[in-house]
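Here are my notes on this one, point by point. Have the model open while you go through them.

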Amino acid sequence: MNPSAILESALYVTDLAAAEEFYAGVLGLKLLGKVDGRHLFFRCGPGVLLIFNAEATKVPPAPDARLKVPAHGAVGDGHLCFAASAVEIADWKAHLEAKKIAIESEFEWPRGGRSIYIRDPSGNSIEFAEPRIWGL
């Protein structure tokens, strides 16, 4: 057996309202679901980006819960990379700078491909990179 794709990716944040403004308002992702104080779910291409309040997800489900999702969470800055072509990266850079989002790092990978890095409001490292950095 071999997994064929990643269906969901999760990041943990400290401020869901700021995260919603950033991921929907700045990055333009479509909000799929929301539970105040707990999570935001966004569509991203064929997958889903899950944004959780880390403290809320550490609480295990009640014995009679309809959805028995196990407790989870993370501490510290996470990382997520969005696929983007070279032209899209240039467009993202201009868009982010217009929104006053600082570009933390920008470089060409030794085997080819370019990346830019920013931070979301909770300090997670967000990258935009050409898929060819992984030979894709």
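1. A word on terms before the packing: by a nonpolar core I mean a set of buried Ala, Val, Leu, Ile, Met, Phe, Trp, Tyr and Cys residues joined through side-chain atoms within 4.5 Å. Buried, here, is under 20% relative accessible area. Keep in mind that this is a predicted model.

2. With that in hand, the largest nonpolar core comes to 23 residues, and Tyr23, Leu49, Ile51 and Phe128 have the most contacts inside it. Two or more residues each come from β1, α1 (16-26), β3 (39-44), β4, β5, α3 (86-98), β7 (114-119) and β8. The top contributor is α1, which gives five residues to this core.

3. Setting aside its neighbours within four places in sequence, Phe128 is in contact with Leu27, Phe82, Ala84, Ile89, Trp92, Leu96, Arg114, Ser115, Ile116 and Ile118.

4. There is also a second, separate core of five residues, with Val48, Leu50, Phe52 and Ala54 among them.

5. Now the overall layout. The chain has three helices and eight strands, and from the N terminus the order reads β-α-β-β-β-α-β-α-β-β-β. The C-alpha trace spans about 50 × 40 × 25 Å along its principal axes. Of the 136 residues, 33% are buried. Among contacts between residues at least 6 apart in sequence, 45% join residues at least 24 apart.

6. Which residues lie nearest the centre of the largest pocket? They are Ser9, Cys44, Cys81, Phe82 and Ala83, out of 25 lining residues. The elements that give two or more residues to this lining are β1 (8-13), β4 (47-53), β5 (79-83) and β8 (125-129). Of these, β5 gives the most, with four residues. The pocket holds about 760 Å³ of space, and its lining divides into 20 nonpolar, three polar and two charged residues. Note that Phe82, one of the residues nearest the pocket centre, is also among the contacts of Phe128.

7. The second largest pocket has a volume of about 170 Å³. It is lined by 13 residues, with Tyr12, Val13, Thr14, Ala54 and Ala74 closest to its centre. Here β1 and α2 (54-57) are the elements that give two or more residues. By class, this lining has five nonpolar, five polar and three charged residues.

Methods
Residues numbered from 1 in each chain as written. Predicted model: local features only at pLDDT ≥ 70, side-chain atom pairs only at ≥ 80, totals over all residues. Heavy atoms only, no water. 1 Å grid on protein atoms, 1.4 Å probe; cavity = no way out; pocket = protein on both sides within 12 Å on 5 of 7 lines; lining within 4 Å. Points joined across faces, edges and corners; volume = space filled by probe spheres on them. Nonpolar A, V, L, I, M, F, W, Y, C, P; charged D, E, K, R; others polar. Buried < 20%, exposed > 50% of the residue type's maximum accessible area, 1.4 Å probe, protein only. Contact = heavy atoms within 4.5 Å.
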